[in-house]
Amino acid sequence: MTTHLSKRLPKLVPTILMLVITLFTGSLVAGIVWQPPAFATSLPLDETVSTLKVGSEGTDVKALQLRLKTLGYFELDVDGVYDETTETAVRSFQRDRDLVADGIASAKTQEELVVPGTAQNSRRAERPFDIQRILDRGKLVVAVLGKDNPPFFMEDGDSQDLQGLDIKIAQGLADTLGVDLEFNRTPKTFNEVVDQVYQLNADLAISKLSRTLPRAMRVKFSRPYVTMRQGLLVNRLQLAEQTEGNRVIDAIRNFSGKVGVISGSSYVGFLKQKFPAASIEEYPAWDDIVDAVIKGEIQAAYRDELEVKEVVLRNPDASLRLQTVALTDTKDQIAMALPWDSSHLQALVNQYLDTFDLDYTADLVLEEYSDFLQTDK
């Protein structure tokens, strides 16, 4: 019996292996539940989803408009009203996906919106949608603060063209993609710059933006390309009065005077965390804050060390009235903001930064762009 089985065993092994592989593979496939990727707003994939058409309103329409905007078909504000503009956008999308171009967002159309490329001959399936929409448009739209902030971004006095570190990086990304570069300078505050990306009015923002947790809940960030410490610009006389014989470092840590920060900037939150006893005074512009410190209207100005050092570099006489303090236990990471569903664009941006070894400190920025800091404003 044993001899007879041993003779048949070599022939049985392949059959047994095939059976095991089939059972094992089958159990794996049966155990996998495929989940569609999460996009700007998830749209249901089952046939019970409501058909949307002209006259429809509500959150489902907002989700539809936001997804169309993500793919580059809808350029207006997302308002949740299915009007003729939305219908036209849906019809264009349907034509590109070889769907019935009736302008009605059926379950099939909404499924295709959630999972790009499920229809045959999808012209956008060759590349990730966040890259393809830029290529289809032929331009990279970059959000930048409306007010100049040398040496990161500022208008050239003669040509009115933008220049600076951020502008150089933005142009390099556009060249990498092989598209034109367009700037969106409507934002009046740094938080509004982030809003432009969140609302998909820009492909990315490069505007000396600090990476913060509240902002990271709404957008993606690239890796930092500048890392600085936070700093204080203090009125020397008032600082001496506040120390009252104590060490300066102790006075700084327990600072309780009026501190100026730019309204709508990350430093409003930084100040609350770092100096909870201080009184926050918000100003529209950095120059206004510096003037207020010099005049003694506030005791200190709070921003990154580059801006603090720049005040003295632009106006050496200011050092007689002002004292700069760099906080060694702080870090301000400057990065680009991208729509939170633009994972492939984020990867491209990070690879660009790594390829060209773009990793600055405050001193390196000041050294490379010293020509922009020669004269006082």
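1. Start at Lys 220. In this predicted model, Lys 220 stands opposite Leu 338, a residue of strand S11.

2. Look for Leu 209, which stands opposite Ala 335 of S11. When you trace such strands, keep one rule in mind: in a regular strand, side chains alternate between the two faces of the sheet.

3. Now turn to helix H3, residues 84–96. H3 has 13 residues. From first C-alpha to last, H3 reaches 19 Å, close to the 18 Å expected at 1.5 Å a residue.

4. Which residues of H3 are buried? They are Thr 86, Ala 89, Val 90, Phe 93, Gln 94 and Asp 96. These residues lie on the same side of H3, because they cover an arc of only 160° around the axis. They pack against helix H2 (59–70) and helix H4 (107–114). The face turned away from this buried side carries Glu 84 and Arg 95, both exposed.

5. Is Ser 92 buried, partly exposed or exposed? Ser 92 sits in H3. Its relative accessibility is 26%, so it counts as partly exposed. The cut-offs are 20% and 50%, and partly exposed lies in between. Ser 92 and Gly 103 are 11 residues apart along the chain, and their C-alpha atoms are separated by 8.1 Å.

6. Check both ends of H3. Asp 83 caps the N-terminal end. A side-chain oxygen of Asp 83 lies 3.3 Å from the backbone nitrogen of Thr 85. Just after H3 comes Asp 98, with a positive phi of about 60°.

7. Finally, step back to the whole chain. The protein chain has 15 helices and 11 strands. Of its 377 residues, 45% are buried. Take the contacts between residues at least 6 apart in sequence: 66% of them join residues at least 24 apart. The accessible surface comes to about 19,500 Å², and carbon and sulfur atoms account for 52% of it.

Notes
Residues are numbered from 1 along each chain as its sequence is written. This is a predicted model: local features need pLDDT of at least 70, side-chain atom pairs count only at pLDDT 80 or more; totals for chains, interfaces and linings use all residues. Side-chain values use heavy atoms; hydrogens and water are left out. Helices (H or I, at least four residues) and strands (E, at least two) are DSSP runs, numbered from the N terminus. Buried means under 20% relative accessible area, exposed over 50%, partly exposed in between (1.4 Å probe, protein chains only). Contact means heavy atoms within 4.5 Å. Accessible areas come from the Shrake-Rupley method with a 1.4 Å probe; for residues, only the protein chains shown count as cover. The expected span of a helix is 1.5 Å times one less than its number of residues. The arc is that of the directions from the helix axis to the C-beta atoms. A polar contact is a pair of N or O atoms within 3.5 Å; within protein, one must be able to donate a hydrogen and the other to accept it, and residues adjacent in sequence count only if both atoms are side-chain atoms. Two strands pair if DSSP finds at least two bridges between them.
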